[in-house]
Amino acid sequence: MGVKKEGTYFMGGNIACAEGAIMAGCSFFAGYPITPATEILERIANRFPELHGSYLQMEDELASMASIIGASWGGRKAMTATSGPGFSLMMENYGLALMTETPCVIVNVMRGGPSTGLPTMVAQGDVMQTRWGTHGDVGVIVLSPASPQEMFDLTIEAFNLSEKYRLPVILLSDEMVSHMTEKVVIPKKEDITIINRKKPECTPEEYLPYCPDEDLVPPMACVGEGYSIHVTGLTHDERGYPSIDEKVQNMLVTRLLDKVRNNAHDIIRYQEHMVEDADIIILAYGSASRSAREAVDMARKKGIKAGLIRPITIWPFPEDRISELAERAQAFVVAEINFGQMVYEVERCCRGCCPTYLIPRMGGSIHTPEEILDRIEKISKGGGQ
Amino acid sequence: MSIRQSRNWFSPDYMVHKKTRKSGYGLHPLDDYLKKDRIPHIWCPGCGLGVVLSAYIRALKASGIPQDKTALVSGIGCTGRAAGYVNMDSFHMTHGRAIPFATGLKIGNPDVVTTVFSGDGDLFSIGGNHFIHAARRNVDFNVICVNNFNYGMTGGQAAPTTPMEVRTSTTPYGGFEQPFNLPSVAAGAGAVYVARWTTYHVEQLTKGIEEALHKDGFCFIEVLSPCPTGYGRKAGQKAGKDTMLYYRDKSRIEHGANPNDVSLDDKDEIIVGKFVDRHAPTFQEKRREVFQKARDMMGVK
């Protein structure tokens, strides 16, 4: 069992995710079986004994999420993986991790919803849930892989971002990407950048657990390190003490939002395909982006100037780039496997500069390239609706 | 100038800090175990939480476990606030999730002696599922459940421990649900140490907590505690003292009693004592064994 060294493999998306986590230094995993994410748990359960890692199958997803937060404060890199129904349960402690600035990684392999929905089939209906699913104002980082290779790469990236900015990072996969088997290149360990959380350099007497540095991220002391930390989900001041003061709420929540907003230039990643001269720009992510790319190539062959932008970080959303492109594009087309979620974000960023069209899909399957091409052709002839 | 240097203190709590200095902070031998700038606490006059927290602190001091190798984890509620007052690594988690958090924390750093300190509503209503599973796994940490028979912080609502026919703000005509017998739940789920004391039994409670701190595995101690504000007023115990006298008069110590026979249904008797103290391999021990076998099979170290 096992991929231990660099090389080229024929690998499933979920397996690549587990291998990426191991490569990133994940040594604590808690999960609950759920289709279509279970292979991640299984792979970790298989691999952790030899790596001296801790794998726990918890009683539910509430517990999975709570225990990875605990493990993170125990000094570990921790992860959990789930799908829609479990992800809904995790929203409670996702908020706790954001509030307490706990680095950890949550993989959500999207399946058809709402509720139990289509357990074995693809959808992209959780996009807004990752942004607004937990109560209160939050700044979040969500990554969207589109291939097994990216399941590997972005899992490492998710750990790095979570450690760097001290927050839970979501890897938002979908059933299609997770169950797809493709070529995955695992690089040499020394060629992979691994980021670890900042530790305090001052004495325990001087240490303020929630006093940030310039990058708005406070250094993190963990349990048993002698810093006598207090961690609470209540609004807290720089000492970590609960407070019921409006000023403290303002300072804390503003910083939590700014931590992501002000560092967006460092966080945001997207991939473009022939957008430079494109009249019609398609925005798609995850498995839908694979059909969209094919559709763009087909449109080009027919002489239509189409292009593709694929956000890799869904949140923070690459809004500046979309606004820039909207000024010279004729139309934006969003292809997503839901009934319209990210399209509203694109519409907002276009600021009325160009029309925005949606190619929805209810879930269960991905768009065909022909279906996207058909819509591109109609729009190019002036009739998109 | 860095943000750290330029930042002004902004918390109004600093006012409280000055006040506590004047009121004689530092005179008590256990003050080192409290975060001085967090005192005074929020608990009502007559509440039993201070008694339980000081029993924990005394036990910790007696155990000889270094303060920086201990952690206190709590959920939400009046009892949940205890984590905010102790001078050690402490975690105030979401409602009901103290136990799964502590599971991750303990497994994440096994050197830290971890105790969950929370209330009956938090641990057995919203957190009930986590409790039974942690006991079943026999993860090596202690749970101190302060049972005041109601939801105190939200103003005295019925809890899964509220006795039948007692009036609370959500059972205005009297409760009609069978309450949990907590030691029985804990023992049935697999806890290796189960005890019940009241805030009247300070010495026994302190000794019990000390035993639990030294014992490997999932240890559970229920502490019956007065809540004059939320519960006592409607249950005929208007002051904390009334409840303490009730505990004095009605309690009977019976070590080794069958946990199934110690329910609080009988209002004339409260059976307290150490009910279970057995050995079973902990989650960590068992896992180490299985993983070692797996590694031997794979031929890796």
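Student: Which residues of helix H10 (residues 240-250) of chain B are buried?
Tutor: This is a predicted model, in which local features need pLDDT of at least 70, side-chain atom pairs count only at pLDDT 80 or more, and totals for chains, interfaces and linings use all residues. Residues are numbered from 1 along each chain as its sequence is written, with chains lettered from A and ligands numbered from 1 in the order in which they are written. Helices (H or I, at least four residues) and strands (E, at least two) are DSSP runs, numbered from the N terminus, and a residue is buried if 20 or more other C-beta atoms lie within 10 Å of its own, exposed if 12 or fewer, and partly exposed in between, with C-beta atoms placed from the backbone. By that count the buried residues of H10(B) are Gly240(B), Thr243(B), Tyr246(B) and Tyr247(B).

Student: What covers the buried residues of H10(B)?
Tutor: Contact requires that the C-beta atoms of two residues, placed from the backbone, lie within 7 Å. The cover includes helix H9 (228-232) of chain B, and also strand E7 (193-198), strand E8 (219-224), strand E9 (251-253) and strand E10 (270-277) of chain B.

Student: How many residues of E7(B) are buried?
Tutor: Tyr193(B), Ala195(B) and Trp197(B) point one way from the strand, while Val194(B), Arg196(B) and Thr198(B) point the other way, and all are buried. E7(B) is therefore largely enclosed by the rest of the structure, the number buried being six of the six.

Student: Which residue of E8(B) is the bridge partner of Ala195(B)?
Tutor: Two strands pair if DSSP finds at least two bridges between them. E7(B) and E8(B) have six bridges and pair in the parallel sense. The partner of Ala195(B) in E8(B) is Ile221(B).

Student: What is the handedness of the β-α-β crossover from E7(B) to E8(B)?
Tutor: The chain crosses through helix H8 (residues 202-214) of chain B. A crossover is right-handed if, with the strands pointing away from the viewer, the path from the first strand over the helix to the second runs clockwise. This crossover is right-handed.

Student: Which residue of E10(B) is the bridge partner of Tyr193(B)?
Tutor: E7(B) and E10(B) run antiparallel and are joined by four bridges. In E10(B), the partner of Tyr193(B) is Asp277(B).

Student: Which strands stand at the edges of the open sheet of five strands in chain A?
Tutor: The order is E11-E13-E12-E15-E16 (chain A), with mixed pairing. An edge strand has a single partner strand, so one side is left without a neighbour in the sheet. The edges are strand E11 (270-273) and strand E16 (356-359) of chain A.

Student: Which element supplies the largest share of the side of chain A that touches chain B?
Tutor: In the interface, 47 residues of chain A are in contact with 42 residues of chain B. Helix H2 (38-51) and helix H4 (84-100) of chain A are among the elements that each supply at least two residues of this side. The largest share, nine residues, comes from H3(A).
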